[in-house]
Amino acid sequence: MVALCRELLISDTSGDDLGHVIVILKNSFYATLRSGHIEVIDQVVEFIREAIPRCSPGSHRASSALAQILAVRTLMNSSFGDSQEAIALFDKIAASQPLGDKTNPSRSDARRWAAKVAYSQFNLYPNLENLERAMTRAHTALAESSLEDNPDLTRYLERLMKTRLLLAFDRNHSISFLEESISLLRHALELSGTQGQNHTAGLSVLHQCLLARFLLLDHREDLDEAVLLLQMSIDHICTIPPDKLRDACTWVAIARALGHHSVPTAYETAMSWMQTSLVFAPTLHTQHAHLLAVKEANKIPLEYASYRVQTGRLEDAIQTLERGRALLWSEMRGLRTSIDQLSSAHPALATKLTTINQDLETLMTSIPPGLTGDIDKDGAPGGTDAFSNFLKKQRTLLNERDALTSQIQGLPGFENFLKMPSFDMLRAAASRGPVIIINHCSLRSDMILVLHDSPPSLIPTAEDFYHRANNLADRLSDTRKKHGLDSMQYDRALRYVLEELYELVGQPVKDKLHELNIPEQSRIWWCPTSVFSSLPLHAMGPIPSKVKVKRYFSDVYISSYTPTLSALIKSREPSVQTSDPLSLLVIAPHDTSLVGVGEEIEVIRRTLGSSIDIGVLDATPKITTESLRHHRLAHFTCHGVLEEGKPFEASFVLHGGKRLTLLNIVRSRLPTAEFAFLSACHTAELTDGSIADEALHLTAAMQHCGFRSVVGTMWAMADMDGRDVAQHFYKSMFSGGDQNIPYYERSAQALRDAVQKLRRKKRVSMERWVNFVHYGA
């Protein structure tokens, strides 16, 4: 290219011919830049400078080419001088041609280029003077050109006005800045029509300006219009699903904070788009990533529930939490809905629905080829072709399922088939004892006690409930990471947390239970949200007493946990009847680092004796899941492992170091399973980087695949504790009692008994007995 420039300078080429050659040279220069050769730019600039005097006097092709290349060099070298020269050249070109002249290069092209350079100049040197200059040029260019020819001008102007607004407020300028911005934005939106992404971007900026003016002048019509613009953006065809959800969350925040009448509609819209966002992700991995990508959405169900409580609608609050939490488990559970009634009345429809559900579940729990799990700016994962194919298959299956579900709901007696359960259905979760829901929300936090035969009760909470709970969770987690479980620092932190928890939660709950005449030693269930999912509610205390012996909450009530009310209801559904004798499968891979495994197995055998069949398995994940089908009880004694930021890779380490992951477990169907004891580290602990209210841990996965009750651990466990707890646990669970109570329903009290024995042992630190938790029926 440089050689060509030199030849042209020594040739006789001039006039319009030279102008045409320079335009061709400019286009070739762009191609050279795209290939990575940027060193020629200075020589090309100097060549065009020398060539301009030899071009036709009335033509501006060479000047325009020089100005455009200077604009490029401005971006490459951050050169203020180049930008000034480029703008001056474009101004000269525009001034030399009458308004409306369509000759090339046109006046409107020059104005547009000058606006682009001024915009770049402001980005390189952001100050109020450059901002005003860029805005003036963008506005002038819009007035002299059609939007169809220059679709980028509106975008530039919108961004500039937003920045101008912020700078103006930062410097305490007059509200006239805001008025002008609103006027210019309205004009830009009129020019852009209602189509295209520029229009949605304009809606967003105008919404922010109107909201700012409302906050300054308290004109209610500005707030109404700002909310309307958000609704328009959500409904716009060009707004992608993640942005629809973000806009809905913004609408919620504004309406709730400013007391706008649209609060319920805003929450309903946000909740709807939370659920709809899963439709745009065919696998559990991508669904979780979609929920993570819009962090503000994860608090929407908690906020909406708090709003329901605030307006005195406790039953609606409970339904809201059920609808908006553990979305992934809820969706998976929906694919395994019992269809016994449908099978009896309409077997063909039941078979068809079962097939579709199984195909959807297989799709959701798979990993598409080439799918990395990365999410791009539009909310789509990496591996575009694979993702598109999976998404297409998912949409087809979902459409078939929706059509079939609508057909079934039109049949007599099936009007509520697969619909969100009513409160009357959800209260069945409390059929064996009260459920305490803790809604941890920054706007207001509440504790709701659910009973199966009376209205829900609101338990009073302290004014600083929300922040105190955050501090307790942070203190426990930070101390564990910094000093370790067996440190004095962690022991002190845990004691402090348990004492504070009792004051914050335990005492008010205990008072309410007494008020409702629920006797001590009854079973209760905790359904926590947010940070409470990681706090040991079952071990709160000690309870203030004149007696010297310390008593904790677990001494007074038998605690279990459940991610949702639906999960608890599901765990009580009758299991598939089997003629096989009761048997226990012990999954115990050979691992020299776990010296207590052999003793743990021997203790189980000695404790149970010949009362049930006991099998010991050291096998691969596939054989393990197959073997679990033939046993109603299971006991894992192995390593449990978490992978930061990868909740679906939480796993048990089995034979040869191979891992049985959370996703492997979710894929399993164990209809005869009843109880599992997970004597491994971290089995009820959330993975760092996962969503707390999705409850993605190994204990929940075991529940999902069929086990009615599961014992898990909140953190790492001591090797010898597996032996000691197992001995007392199985002795308690199989020691007579009411034979009409299934073993899985006896497991909560058996765990409480075993933990009490462990607590009384000498030199057993607090974290060791607090560690064990019970989930399910």
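**Burial, strand pairing and backbone geometry in the predicted chain**

Threonine 699 lies in helix α29, which spans residues 698-705. In this predicted model, threonine 699 has a relative accessible area of 0% and is therefore buried. Leaving aside neighbours within four places in sequence, the contacts of threonine 699 are Leu678, Thr683, Ala684, Val710, Gly712 and Tyr775. The loop between β12 (675-679) and α29 holds histidine 682. Histidine 682 has a positive phi, near 65°, and is a residue other than glycine.

For the chain as a whole, the secondary structure amounts to 32 helices and 14 strands. The chain has 777 residues, of which 55% are buried. Among contacts with a separation of 6 or more, 73% are between residues 24 or more positions apart. The accessible surface is about 33700 Å², and carbon and sulfur atoms account for 52% of this surface. The mean pLDDT of the chain is 81, with 81% of the residues at 70 or more.

The largest nonpolar core contains 77 residues, and the members that touch the most others are Val505, Trp526, Phe532, Phe729 and Tyr730. Helix α23 (residues 488-515) gives the most to this core, contributing 10 residues. Apart from this core lies another one of 60 residues, including Ala248, Val252, Tyr267 and Phe707. Not counting residues up to four places away in sequence, valine 505 is in contact with Ile438, Met447, Phe465, Trp526, Phe532, Leu537 and Met540.

Tryptophan 526, one of the contacts of valine 505, has tyrosine 561 as its bridge partner in β5. Strand β4 (residues 523-528) and strand β5 run parallel and are joined by 4 bridges. Strand β5 (residues 558-561) is covered on both faces, with Ile558 and Ser560 buried on one side and Ser559 and Tyr561 buried on the other.

Glutamine 521 is located in the loop between α23 and β4, and its phi is positive, near 75°. Glutamine 521 has a relative accessibility of 38% and so counts as partly exposed. In the loop between β4 and α24 (553-556) is proline 542. The peptide bond joining glycine 541 and proline 542 is cis, with omega about 10°. Most residues other than glycine have a negative phi, and most peptide bonds are trans.

Strand β6 (residues 583-587) is mostly covered, with 5 of its 5 residues buried. Ser583, Leu585 and Ile587 are buried on one side of the strand, and Leu584 and Val586 are buried on the other. Strand β6 pairs with strand β7 (residues 613-617) in a parallel arrangement through 5 bridges. Strand β6 is also joined to strand β8 (residues 633-637) by 4 bridges, again in parallel. Isoleucine 587 takes part in both pairings: its bridge partner in β7 is leucine 617, and in β8 isoleucine 587 stands opposite phenylalanine 636. Helix α26 (residues 597-608), together with β6 and β7, makes a right-handed β-α-β unit.

Arginine 186 is part of helix α9 (residues 176-192). The relative accessibility of arginine 186 is 30%, so this residue counts as partly exposed. The contacts of arginine 186, not counting residues up to four places away in sequence, are Leu206, Leu210, Arg213 and Glu225. Arginine 186 and leucine 206 are separated by 20 residues in sequence and by 7.6 Å between C-alpha atoms. In helix α16 (residues 314-324), the buried residues are Leu314, Ala317, Ile318, Thr320, Leu321, Glu322 and Gly324. Alanine 326, which follows α16, has a positive phi near 50°.

Conventions: Residues are numbered from 1 along each chain as its sequence is written. This is a predicted model: local features need pLDDT of at least 70, side-chain atom pairs count only at pLDDT 80 or more; totals for chains, interfaces and linings use all residues. Side-chain values use heavy atoms; hydrogens and water are left out. Buried means under 20% relative accessible area, exposed over 50%, partly exposed in between (1.4 Å probe, protein chains only). Helices (H or I, at least four residues) and strands (E, at least two) are DSSP runs, numbered from the N terminus. Two strands pair if DSSP finds at least two bridges between them. A crossover is right-handed if, with the strands pointing away from the viewer, the path from the first strand over the helix to the second runs clockwise. Contact means heavy atoms within 4.5 Å. Accessible areas come from the Shrake-Rupley method with a 1.4 Å probe; for residues, only the protein chains shown count as cover. A nonpolar core is a set of buried Ala, Val, Leu, Ile, Met, Phe, Trp, Tyr and Cys residues joined through side-chain atoms within 4.5 Å. pLDDT is the predictor's confidence in each residue, from 0 to 100.
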